[in-house]
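Trainee: Could you go through this structure with me? I'd like to begin with the overall fold and then look at single residues.
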Amino acid sequence: MSTQLSAGGADITIDQENGCRIGSLRVDGTELLRQGPRYGSFPMVPWCGRTAEGRFRDGGTVHQLPVNHPPHAIHGLGRDLAWRTASVTGTGAAFYFDLADPWPRAGRVTQTFELGADSLTITLGVETYQDSFPAQAGWHPWFNRTLTPGGAAAQIAFAPAWQEERGEDHLPTGRRIEPVPGPWDDCFGTPYGVDVTLTWPGELELKVASPAEWVVVYDEQPEAVCVEPQSGPPNGLNTLPRLVTPVDPLEVSTTWTWRRLG
């Protein structure tokens, strides 16, 4: 089961049965996202990136998450679940799922999509009406490296405030360093919000914006480029916990804006 939204020359397909991911984003018929059941663009929730050895502390209790990317737990639970549909219109949709085992606390996760002719806004929310708990939310889009056969490869432009030094275990060491040239599988600090531009010369420009203060850029594979706005750094459940409480839910949004070139 999937949901299709259309606006102007833009069309998206949301696969709510497969992690509520965007399976397809087409602009004037051109596919922007890498295809396949593991790709597209999926939500990372209730944590982003790697959580060290799948363990995090919540108050005086250490919780164990499934180690789905040994030796760590990666990218949350939401991408592996079927989400429920809350509402659908021609250009917008909302979905949700309820947190349950192996997540230790009760809560609800929501995701909304608003499609325009030249933009897509996605919002993730995590709320609880019971116990408080640390959580993160973000997205992992796989943008195609090239849009057309023989087309130019995507160019990445952004100016982060710092780069998180990455250790041999692929987790931030806690040191902030000057950004270094790619290729990257790295987290960057964006205290004034995410602002990344992907340009396929002569074809398309796409801006990824978000109030989120962190972005992971991954471009080590030849097929795709990933620009991942998120509410905290990898392993942030341990190093920079953001508590979700009954009066203070977590909400993060991202807007992708595109324009044709040439």
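Trainee: What does the secondary structure of the chain come to?
Mentor: In this predicted model, the chain has 1 helix and 25 strands. Its radius of gyration is 18 Å, close to the 18 Å that the globule rule gives for 262 residues, so the chain is as compact as a globular protein of that length.

Trainee: And what does the C-alpha trace span along its principal axes?
Mentor: The C-alpha trace spans about 60 × 45 × 30 Å along those axes. Of the 262 residues, 53% count as buried, and among contacts between residues at least 6 apart in sequence, 62% join residues at least 24 apart.

Trainee: How much accessible surface does the chain have, and what share belongs to carbon and sulfur?
Mentor: The accessible surface comes to about 11300 Å², with 50% of it belonging to carbon and sulfur atoms. As for charge, there are 19 positive and 31 negative side chains, and the centres of these two sets lie 2 Å apart.

Trainee: Let's go inside. Which residues in the largest nonpolar core touch the most other members?
Mentor: That core holds 58 residues, and the ones touching the most other members are I12, W103, F113, L120, V126, W256 and W258. Apart from it lies another core, of 8 residues, which includes Y39, F42, M44 and Y218. As background, nonpolar side chains in soluble globular proteins tend to be buried together.

Trainee: What is L120 in contact with, leaving aside its neighbours in sequence?
Mentor: Beyond four places in sequence, L120 is in contact with I12, I22, F113, E114, L115, T254, T255, W256 and W258.

Trainee: Now the loops. Where is R79, and is R79 buried or exposed?
Mentor: R79 sits in the loop between β9 (73-74) and β10 (84-88). With a relative accessible area of 18%, R79 is buried, because the cut-off for that class is under 20%. Not counting residues up to four places away in sequence, R79 touches N18, G19, R21, F42, P43, N68 and I74, and F42 is also among the members of the 8-residue core.

Trainee: What about H75, where is that one?
Mentor: H75 also lies in the loop between β9 and β10, and its relative accessible area of 11% makes H75 buried.

Trainee: Where is E53, and what is its phi?
Mentor: E53 is in the loop between β6 and β7 (55-58), and its phi is near 55°, again a positive value in a residue other than glycine. E53 counts as partly exposed, at 41% relative accessibility.

Trainee: Two alanines to finish. Where is A159, and is A159 buried or exposed?
Mentor: A159 is in the loop between β16 (155-157) and β17 (162-166), and at 75% relative accessibility A159 counts as exposed. From C-alpha to C-alpha, A159 and S132 are 35 Å apart in space, with a sequence separation of 27 residues.

Trainee: Where does A154 fall, and what is A154 in contact with?
Mentor: A154 is found in the loop between β15 (138-144) and β16, and its relative accessible area of 11% makes A154 buried. Leaving aside neighbours within four places in sequence, A154 is in contact with N144, R145, T199, W200 and V225. The C-alpha atoms of A154 and T255, 101 residues apart along the chain, are separated by 19 Å.

Terms used. Residues are numbered from 1 along each chain as its sequence is written. This is a predicted model: local features need pLDDT of at least 70, side-chain atom pairs count only at pLDDT 80 or more; totals for chains, interfaces and linings use all residues. Side-chain values use heavy atoms; hydrogens and water are left out. A nonpolar core is a set of buried Ala, Val, Leu, Ile, Met, Phe, Trp, Tyr and Cys residues joined through side-chain atoms within 4.5 Å. Buried means under 20% relative accessible area, exposed over 50%, partly exposed in between (1.4 Å probe, protein chains only). Contact means heavy atoms within 4.5 Å. Helices (H or I, at least four residues) and strands (E, at least two) are DSSP runs, numbered from the N terminus. The radius of gyration is taken over C-alpha atoms; the globule rule is 2.2 Å times the number of residues to the power 0.38. Accessible areas come from the Shrake-Rupley method with a 1.4 Å probe; for residues, only the protein chains shown count as cover. Lys and Arg count as positive and Asp and Glu as negative; His and the chain ends are not counted. The place of a charge is taken as NZ of Lys, CZ of Arg, CG of Asp or CD of Glu.
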